[in-house]
Amino acid sequence: MALAITCTASAQDKKEYPKPEAMRPGMSEYWTPQPKVVTPGDIKTNTAPSDAIVLFDGKDLSAWTNGKDGPAEWTVKNGIVTVDKTKGDIVTRQKFGSFQLHLEWCVPTDIEGTSQSRGNSGVFLQDMYEVQILDCYENETYVNGMTGSIYKQTPPLANAMRRPGEWNVYDIIYTAPVFKEDGTYLYKPYVTVIQNGVVLQNHTEIQGTTEYIGFPRTVKHGDGPIRLQMHGDPSKAISFRNIWIRPM
Ligand code: MG
């Protein structure tokens, strides 16, 4: 029996099969479909990429409401919009799934206050998850409440604040969650946050809602607007400019 097995193996070793064709460079290259052509914006002149939805171009807040079917009433002047602390949050009319969002924000030079009471605002993704905005220039606070934190969840990887009076640039890349029938996450949301060219969040998994009191909750939702926060802290109001979004 041992001899028979040896003979069979030996016959297979001798049988010749075709060898794989030699790879040529072109065999792993494809040409279509070509990505669409997008003309980039220019940060110096506050222009958006050619395919972006402009949410604020310095002229008016027509893309926004007060979140209660009324117009957004923050103060637009000289190409920027400043939070009006008597008027509440502002919310985009349009809803979004996954996106790339660009916005610029500036804390007044004469800002006062400490910790969370100093230029507090925030950008809510799909009206659910807050990426914190705060004057963290030489102003310490709880780290999961710093600028660029997923509020009360994940601290930023760095503090890349510009000093009050200078414009901070946020680029936020967001992947919307997918829910199961029972309302729990099949895939949680993910976010990458870049401030002034510095990565603060690198494809961070968002755990759920960003609660002021309590832990993240799972709330099933679909597409949602962008919400900018009017925070009731007593410090001077911050301003925004050049806000655009590219749904993905
Ligand atoms: Mg906030």
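Within strand S8, Ile-133 is the bridge partner of Ser-121, and five bridges in all join strand S7 (residues 121-125) to S8 (residues 129-133), the two running antiparallel; strands here are DSSP runs of E of at least two residues, numbered from the N terminus, and two strands pair if DSSP finds at least two bridges between them. The model is a predicted one, in which local features need pLDDT of at least 70 and side-chain atom pairs count only at pLDDT 80 or more, while totals for chains, interfaces and linings use all residues. Residues are numbered from 1 along each chain as its sequence is written, and side-chain values use heavy atoms, with hydrogens and water left out.

The hairpin of S7 and S8 has three residues between the strands, and Gln-126 takes a positive phi near 55° there. S7 also pairs with S14 in the antiparallel sense, over two bridges, with Phe-124 standing opposite Arg-227. Five of the five residues of S7 are buried, so the strand is largely enclosed by the rest of the structure; buried denotes under 20% relative accessible area, exposed over 50%, and partly exposed in between (1.4 Å probe, protein chains only). Ser-121, Val-123 and Leu-125 point one way from S7, whereas Gly-122 and Phe-124 point the other way.

Ser-121, with a relative accessible area of 0%, also coordinates the magnesium ion through its O atom, alongside Asn-120 (OD1), Glu-130 (OE), Gln-132 (OE1) and Gln-229 (OE1), at 2.2 to 2.4 Å. Donors are N, O and S atoms within 2.8 Å of the metal (3.2 Å for Na, K and Ca), and sites may look incomplete because water is not among the atoms. Asn-120 is likewise buried, at 5%.

Conventions
Helices (H or I, at least four residues) and strands (E, at least two) are DSSP runs, numbered from the N terminus.
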